Amino acid sequence: MSRFLKEQYKSLEVYTPGEQPKDTQYIKLNTNESPYPPAPSVVEALGKQDVENLRLYSDPTLSTLKGKLAALYGVESENIFLSNGSDDILNFAFMAFGQKGALFPDITYGFYTVFAELHAVEYEEIPLREDFTIDYKDYLNKNKLIVIANPNAPTGNSRPLEEIEEIIRTNPDSVVVIDEAYVDFGGTSACKLINKYENLLTVRTFSKSRSMAGARLGYAIGAKGLIDDLMRLKFSTNPYNINRLTTTLGEATADAEDYYMEKCKEIIRVREYTAEKLKGLGFEVLPSKANFLFAKSNDIDGEKLYKELKARGILVRHFTKERICQFNRITIGTQEQMEQFLLAAEEILKGEKQ
Ligand code: PMP
């Protein structure tokens, strides 16, 4: 750290992303990417001309991509905001709407505390219930920025729309952000409520169900006023926030909905299969509506299991926070990858019992 850094950033505890090893030898089940490539039409979407056109700036209005997403979700283009990964939207949300403080669960996406600190937003982390679910009653009539991942991460638990709506309805003077990064794997989206509530912002990403984590494309669907606010911040920081290549890939992705929905179905199937097998090995597995499972075994320490799996070429995500340090978060890969993971887990547990 240099002596030139603004005082307020000196104590910032930065977000630690999951490991991204350079070699591809690992079975990578640690950052909730899709095990499937983008749709064939997306793989073929980029040509020489697209690369040559990189000399030109990208479209700051992104009207074509917005139009396609608007049609897909039955909203208007003015209800959509696009960003360089959905992390950017969450960052803007804390920047724009955190003036009265923020609330989110104690066990949730680790970036929320970082954004709150970054923008000097006072925040309260509300403990999940004993069973690691969100109690929606904790969030009623709070009059603060509320940020809820639904399904939640890293637990995978999803709350029904009625509970989410009650939170939105009872906080009319503050913004409610529903982070729907994992909604395509069995959750229920709140985006159908955006015309009913001016305080609702749903946040989505192409990183998980759309097999495009590396392209960095996120979007928000929300009330027009909130989208205007986000546009204000975008045009005050980076008007060309989506590059040309990602824009083209995003458009092709929006046209290939059937392919992605099919892959989501397969991931859900493999998730349920893996959960049953893990339970058979004695794991406690939280019910998940996401593309990952959160599981622990009483036969082995959580961190040790993570390390043993890594030694066998399988990467999962372990968190050190006390309440969840016995768990590991396991991204759902292909059936074959999960068979290898299950085999390794079984072998490790056998070693522990000897
Ligand atoms: N929200 C949640 C709950 C996540 O787990 C992630 C992925 N780390 C994100 C948002 C951000 O995803 P991205 O920036 O790739 O869109």
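Colleague: How does the lining of the second largest pocket divide by class into nonpolar, polar and charged residues?

Modeller: This is a predicted model, and in it the lining of the second largest pocket has 8 nonpolar, 7 polar and 2 charged residues.

Colleague: And which residues lie nearest the centre of that pocket?

Modeller: Of the 17 residues that line the second largest pocket, Lys28, Glu33, Ser34, Pro35 and Tyr36 lie nearest its centre, and the volume of this pocket comes to about 300 Å³.

Colleague: OK, over to the ligand. Which residues surround the ligand?

Modeller: The shell around the ligand is made up of Gly85, Ser86, Asp87, Leu90, Tyr109, Asp179, Ala181, Tyr182, Thr205, Ser207, Lys208 and Arg216, and by class these residues divide into 4 nonpolar, 4 polar and 4 charged.

Colleague: Which helix gives the most to that shell?

Modeller: That is helix 5, spanning residues 86-97, which contributes 3 residues to the shell around the ligand.

Colleague: What polar atoms of serine 86 and aspartate 87 lie by the ligand, backbone or side-chain?

Modeller: Backbone in each case: a polar backbone atom of serine 86 is 2.7 Å from an oxygen atom of the ligand, and a polar backbone atom of aspartate 87 is 3.1 Å from an oxygen atom of the ligand. With tyrosine 182, on the other hand, a polar side-chain atom lies 2.7 Å from a ligand oxygen atom.

Colleague: How much of the area that the ligand exposes when taken alone is buried by the protein?

Modeller: Taken alone, the ligand exposes 400 Å², and the protein buries 91% of that area.

Colleague: Switching to cavities, how many of 30 Å³ or more does the structure hold?

Modeller: The structure holds 1 cavity of 30 Å³ or more, and about 30 Å³ of space lies in the largest cavity.

Colleague: Which residues line the largest cavity?

Modeller: The lining of the largest cavity consists of Glu180, Ala181, Tyr182, Val183, Asp184, Arg204, Thr205, Ser209 and Tyr219, and by class it has 4 nonpolar, 2 polar and 3 charged residues. Ala181, Tyr182 and Thr205 are found both in this lining and among the residues that surround the ligand.

Colleague: Now the backbone. Is the peptide bond from asparagine 150 to proline 151 cis or trans?

Modeller: The bond from asparagine 150 to proline 151 is cis, with omega near -5°, and proline 151 sits in the loop between strand 5 (145-149) and helix 7 (161-169). The peptide bond from alanine 153 to proline 154 is also cis, with omega near 5°, and proline 154 is likewise placed in the loop between strand 5 and helix 7.

Colleague: What about serine 211, is its phi positive or negative?

Modeller: Phi of serine 211 is positive, near 50°, in a residue other than glycine, and serine 211 has its place in the loop between strand 7 (200-205) and strand 8 (218-222).

Conventions:
Residues numbered from 1 in each chain as written. Predicted model: local features only at pLDDT ≥ 70, side-chain atom pairs only at ≥ 80, totals over all residues. Heavy atoms only, no water. Near = heavy atom within 4 Å. Polar contact = N/O pair within 3.5 Å; in protein donor to acceptor, adjacent residues only side chain to side chain. Areas by Shrake-Rupley, 256 points an atom, 1.4 Å probe, with all protein chains shown as cover. Helix = DSSP H or I, 4+ residues; strand = E, 2+ residues; numbered from the N terminus. Nonpolar A, V, L, I, M, F, W, Y, C, P; charged D, E, K, R; others polar. 1 Å grid on protein atoms, 1.4 Å probe; cavity = no way out; pocket = protein on both sides within 12 Å on 5 of 7 lines; lining within 4 Å. Points joined across faces, edges and corners; volume = space filled by probe spheres on them.
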